[in-house]
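Open the model in your viewer and keep the selection tool at hand. The tour goes stop by stop.

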Amino acid sequence: MSLVEGASLALLIAGAAFFFAGTVGLLRFPDVYTRLHALAKADNLGLGLVVLGLLLRAPGWATGIKLVLIWLLALLASATVGFLIARRARRHGIAPWRAGDRE
Amino acid sequence: MKLTLATVRAVLWRSALFAVLWWALTDGRPDSWGVGSVSVAFATTVSIYLLPPVNTYVSRIGLLRFLVFFIVQSLRGGAQVAGFALRPRMGLRPGFHEIDLRLPEGIGRVLLANTLSLLPGTLSVELQGNRLCLHVLDERAPTETEVRAAESRLADLLGLTLHTTG
């Protein structure tokens, strides 16, 4: 296994680990706002690492640009959708979970 | 729309960008450029109307510094959320945090709101005028300092001046 393949593998595994942590957060976090944090951050970092790992294996520039484009679109979508869901929840008067409430 | 230098410059840059996108999406197939050139022209026209060019330059050093900042903060943000999620007692101390932005009206504020959702511990919830409501994962964290740092980086990037708030 070459150095590039090894680095690619390490990045892919790290990306998967962040996806896993984000999913655990989505399941464990107590309310809609904290769950959005888990989705927006851990998954974006996970996707970023997976994209980096795949870039090292990309057969050409066209594929590389497509991969980066996927990450940028996912970032944009995730930030926008997270904002819209949180705003809607707050306008509906959904109070955030506070430390001391039951988890 | 007046044909200014800024417009010409924007048309050239944006059509080049869309052409590269088309090339990437079609894997550089030469027979796709019939449809491709029409699409690039159309995309450029629409983009000029939806996001009119402005006379400011995006600073290259500003862009580089913003990217480094964004990548470092994304790593911190992901690690923080992963830490909370995987700890047996999560130790979250969430709450709302309101803050008055110093950025002028427009694309800068929207970009900041979106950026903050991807940075450690903050999630944009509402943007009304210059008032941004955030949801924070940990009320004890120095949210104000983090937001101000992101704000300054964005202002550098877009060549905007920050208002001082009282």
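**Stop 1: a buried leucine**

Select B:Leu154, which is buried at a relative accessible area of 1% (buried is under 20%, exposed over 50%, partly exposed in between, with a 1.4 Å probe and protein chains only). This is a predicted model: local features need pLDDT of at least 70, side-chain atom pairs count only at pLDDT 80 or more, and totals for chains, interfaces and linings use all residues. Residues are numbered from 1 along each chain as its sequence is written, chains are lettered from A and ligands numbered from 1 in the order in which they are written, and side-chain values use heavy atoms, with hydrogens and water left out.

B:Leu154 sits in helix H5 (residues 143-158) of chain B; helices are DSSP runs of H or I with at least four residues, and strands are E runs of at least two, numbered from the N terminus. Now show what B:Leu154 touches: B:Phe66, B:Gly108, B:Leu111, B:Leu112 and B:Thr115, not counting residues up to four places away in sequence. Contact means heavy atoms within 4.5 Å. B:Thr115 is 39 residues from B:Leu154 in sequence, and their C-alpha atoms are 9.3 Å apart.

**Stop 2: the interface**

Select the contact between the chains: 39 residues from chain A and 45 residues from chain B. A:His37, A:Lys41 and A:Arg90 supply 19% of the area that chain A buries against chain B, more than any other three residues. Buried area is the accessible area (1.4 Å probe) that two parts lose on being put together, summed over both. Here the total is about 3,400 Å², with 71% from carbon and sulfur atoms.

**Stop 3: salt bridges between chains**

How many salt bridges does the rule find across the interface of chain A and chain B? The rule finds five, taking a side-chain nitrogen of Lys or Arg within 4 Å of a carboxyl oxygen of Asp or Glu. Zoom in on A:Arg90 and B:Glu98, whose closest N and O atoms are 3.3 Å apart.

Next, select A:Arg98 and B:Glu139, a salt bridge at 3.0 Å, N to O. A:Arg98 lies in the segment after H3 of chain A and B:Glu139 in the loop between strand E3 (131-136) and H5 of chain B, so the pair joins two chains. A:Arg98 is partly exposed at 37% relative accessibility, and B:Glu139 is partly exposed at 36%.

**Stop 4: a bridge within chain B**

Finish on B:Arg109 and B:Glu105, a salt bridge with the closest N and O atoms 3.9 Å apart. B:Arg109 is buried at 10%, whereas B:Glu105 is exposed at 68%.
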